[in-house]
Amino acid sequence: MSAINTTSGLMPPDSASGATLHTIVAVMSFLACLTLGAVLTLSRLASEWTEGLSGSVTVQLLPSPQIGGEDQLSDALRITRAWPGIFAARALSREEAMGLLEPWLGEGNVLADLPVPQLIEVTLTPGRQVDLRGLSKSLTGNVPGAHLDDHQRWNRELASFAASSEGVGWAVLLLITLATLAIVIFATQAGLQAHREIVEVVHMIGARDVFIAGEFQRHFMWLGLRGGFMGLGLAILTLVAISLMWNSRDAPVGAQYLPQFISAPQHYIWLLLVPAITGLIAMFTARMTVLRVLGRMP
Amino acid sequence: MVRFENVGMRYGLGPEVLRDISFSLERGAFHLLTGPSGAGKTSLLKLIYLAERPSRGLISMFGRDTGAMAREELPPLRRRIGVVFQDFRLLDHLTVLENVALPRRVMGQTEAQYRADVEELLSWVGLGNRLNAKPPTLSGGEKQRVAIARAVVAKPELLLADEPTGNVDPDIGGRIMRLFIELNRLGTSMLIATHDQRIIERLPATRILKLSEGRLATTSDLMQSEAMHA
């Protein structure tokens, strides 16, 4: 006698309601992955920006009648390099300083006529507390025209911008999760209506509620997982395509300055959570819905 | 085994479809439930297999008052009753074998525990060669036999059948009734609801319950031949 499987799930594997739920979960998962990708990118950019700014300071040397330019530069470099916690201090050439202004003022003769201050790029020793206030006082007191810019104002504004953008991203993600929850509840109820016959028959032959709920939750968990992975696959393709497009030679001018989506490997692990969560949401809502409906039966 | 005392039943806020029903089903006996269409036979069966609750009265099953039982206590009680539904109620996406095995699966048994029994039972009802078929491909008589096999696979103490010959031709109907008689001989108590007079005449019923307009018109302990002349 041929072997016949007698342990198939009670739910039909390819029902109409299942196909609908499948598609909707795939779309919601796609949106959730894109949003999560954007949130993770913003989070990474925020920490890169703030780390970059807090890991360095700049000394500006404005022309002063009290001291010559070369003496001013050498005194400032000497004081800065000797200060505890300073890793390196390097004077920027005029070309480098003008290069920093080019994105705002453009190329041409305008820059040549401007009195660009001498700049010293100072790198702090990572992980060490540096008394920047003391360094600033020492420079101001000993080098006429010297001024220390610790980037605090930029740092605060960037951190605030990044935090609010991240907040918006998480809020969108929460809305998508709630919408997914509502859709799964709706689809589960529709599925339950479509398969009411199955529920009734199994109930009448003596199945306990947890047995029926178990069958439903297993069915809907797989639907949720499959839909979630489809959405994830589409989202990864989209993110990779965007990154490739921005990096290509044909990309519009400035596209290379746009942030790279999902550049860190751990971000992909975060994205893997999306189908896992859609599967869990589908499983638990199916369980709750079925138990509620069964609770109304004798 | 089953005892009804002044039971009434209504669907929602509608009129009572069953009124003042009192009777008892005896262990090992063959009972017939008769009456015209719409008399309340299916509703009465639903009360017995616990698909509905009475709106009044007392129902005692296997010595327990069902009204006093918690909902969680009902599934084990249902497993002591096999039901052959009028419209079979087979699950179309499952095979014949899977449909019949269902009551054993819900009892938590593994395939190894029930497979041989299910195959043997299906051979007994003449469907040993249709194990892998799906219900939509079966004839009415085959579906009916699958439904009967599913109802008896867990060896219930009481078998209920609602118009078991209503959807099959007379030959198949006769075979099904012989199957019921055989099951009864093996110790299963039976309650067959039917309005088919030919079936009533051919069955060795020890008790006949006759419903009319929601009331139990007569109960008879006479043998079928005597009941016919009553």
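How many helices and strands are there in chain B? In this predicted model, chain B holds eight helices and 10 strands. Chain A, for its part, has nine helices and four strands. A walk through both chains, beginning with chain A, shows how these elements are arranged.

Read from the N terminus, the elements of chain A follow the order α-β-α-β-α-α-β-α-β-α-α-α-α. Of its 298 residues, 29% are buried. Among the contacts in chain A with a separation of 6 or more, 85% are between residues 24 or more positions apart.

The strands of chain A come together in an open sheet of four strands, with the order E2-E3-E1-E4 and antiparallel pairing. Strand E2 (86-91) and strand E4 (146-149) of chain A each have a single partner strand and stand at the edges, so one side of each is left without a neighbour in the sheet. From one strand to the next, the twist averages 20°. In general, the strands of a sheet pair through backbone hydrogen bonds, in either a parallel or an antiparallel manner. Five bridges join E2(A) to strand E3 (residues 118-124) of chain A, in the antiparallel sense. Within this part of the chain, Arg90(A) has Glu121(A) in E3(A) as its bridge partner.

Helices also meet these strands. Helix H2 (residues 69-82) of chain A packs on the sheet, where it touches strand E1 (56-61), E2, E3 and E4 of chain A. The direction of H2(A) makes about 170° with that of E2(A). Helix H5 (residues 132-142) of chain A lies across E1 and E4 of chain A, and runs at about 165° to E4(A).

Further along chain A comes helix H7 (residues 196-204), in which the buried residues are Ile198(A), Val199(A), Val201(A), Val202(A), His203(A) and Met204(A). Just after H7(A), a positive phi of about 105° is found at Gly206(A).

Turning to chain B, 44% of its 230 residues count as buried. Of the contacts in chain B between residues at least 6 apart in sequence, 69% join residues at least 24 apart. One helix pair in this chain is worth a visit. Helix H3 (residues 96-106) and helix H5 (residues 140-152) of chain B pack with their axes 7 Å apart, at an angle of about 30°. H3(B) and H5(B) are therefore roughly parallel to each other, and the crossing of H3(B) past H5(B) is right-handed. On the H3(B) side, the contact is made by Val96(B), Asn99(B), Val100(B), Leu102(B) and Pro103(B), while H5(B) brings Val146(B), Ala149(B) and Arg150(B). By class, the residues of this contact between H3(B) and H5(B) are six nonpolar, one polar and one charged.

The contact between the chains takes 16 residues from chain A and 24 residues from chain B. On the side of chain B that touches chain A, the elements giving two or more residues are helix H2 (74-78), H3 and helix H4 (111-124) of chain B. H3(B) gives the most to this side, with six residues. The side of chain B that touches chain A is made up of 13 nonpolar, three polar and eight charged residues.

How values were computed: Residues numbered from 1 in each chain as written. Chains lettered and ligands numbered in written order. Predicted model: local features only at pLDDT ≥ 70, side-chain atom pairs only at ≥ 80, totals over all residues. Axes fitted to C-alpha atoms, helices over the stretch in contact; angles between N-to-C directions. Parallel < 35°, antiparallel > 145°, perpendicular 65-115°, else oblique. Left-handed = near helix turned anticlockwise from the far one by under 90°. Contact = placed C-beta atoms within 7 Å. Nonpolar A, V, L, I, M, F, W, Y, C, P; charged D, E, K, R; others polar. Buried ≥ 20, exposed ≤ 12 C-beta atoms within 10 Å, placed from the backbone. Pairing = 2+ DSSP bridges.
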